[in-house]
Amino acid sequence: MKKIYFIIIAIICMIYIISEVRKKKFSIKESFWWFVASVVMLLLSIFPYSINWLAKIFGVEYPPSLLFVFCIIFLTFINFRNSKKIAEQQEKIIELAQQVSILKQRDK
């Protein structure tokens with residue numbers, strides 16, 4: 001019965017991501033990794049013992065810890081991508097502010 005709840009949660013996550021993309025509140029490019037994460041969540045909820053199999057492959061004794069490691073790696077990757085984009089946007093803002101100030105000086 002618990003398995004069904006996790007399947008429903010994963011499907012709700014997928015539907016939410018798709019609806020946000022359709023409303024143009026979330027870009028397709030940004031939503032890709034979140035959609036991949038929800039598909040993985042769906043697969044793990046359908047096949048819960050697959051994490052045990054992966055833990056054996058990686059030599060991890062406690063399978064839930066492997067799941068936490070994967071989540072931490074995923075969130076770190078997303079955080080790095082977002083930090084990179086913020087830095088790029090800050091550079092563009094500075095450049096635009098400089099261009100605006102130059103144009104204001106020309107108009108005087």
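Serine S31 lies in helix 2, which spans residues 28-46; helices here are DSSP runs of H or I with at least four residues, numbered from the N terminus. The model is a predicted one, in which local features need pLDDT of at least 70, side-chain atom pairs count only at pLDDT 80 or more, and totals for chains, interfaces and linings use all residues. Residues are numbered from 1 along each chain as its sequence is written, and side-chain values use heavy atoms, with hydrogens and water left out.

S31 has a relative accessible area of 6% and is therefore buried. Buried means under 20% relative accessible area, exposed means over 50%, and partly exposed lies in between, with a 1.4 Å probe and protein chains only. Leaving aside residues up to four places away in sequence, S31 touches I17, V21 and F26, where contact means heavy atoms within 4.5 Å.

I turn now to helix 1, residues 2-22, where Y16 is found. Is Y16 buried or exposed? Its relative accessibility is 52%, so Y16 counts as exposed. Between Y16 and K92 there are 31 Å in space, C-alpha to C-alpha, and the two are 76 residues apart in sequence.

Finally, the cysteines. A disulfide is a covalent bond between the sulfur atoms of two cysteines. The criterion used here is a pair of cysteine sulfur atoms within 2.5 Å, and by this rule the count is zero disulfides.

Terms used. Helix = DSSP H or I, 4+ residues; strand = E, 2+ residues; numbered from the N terminus.
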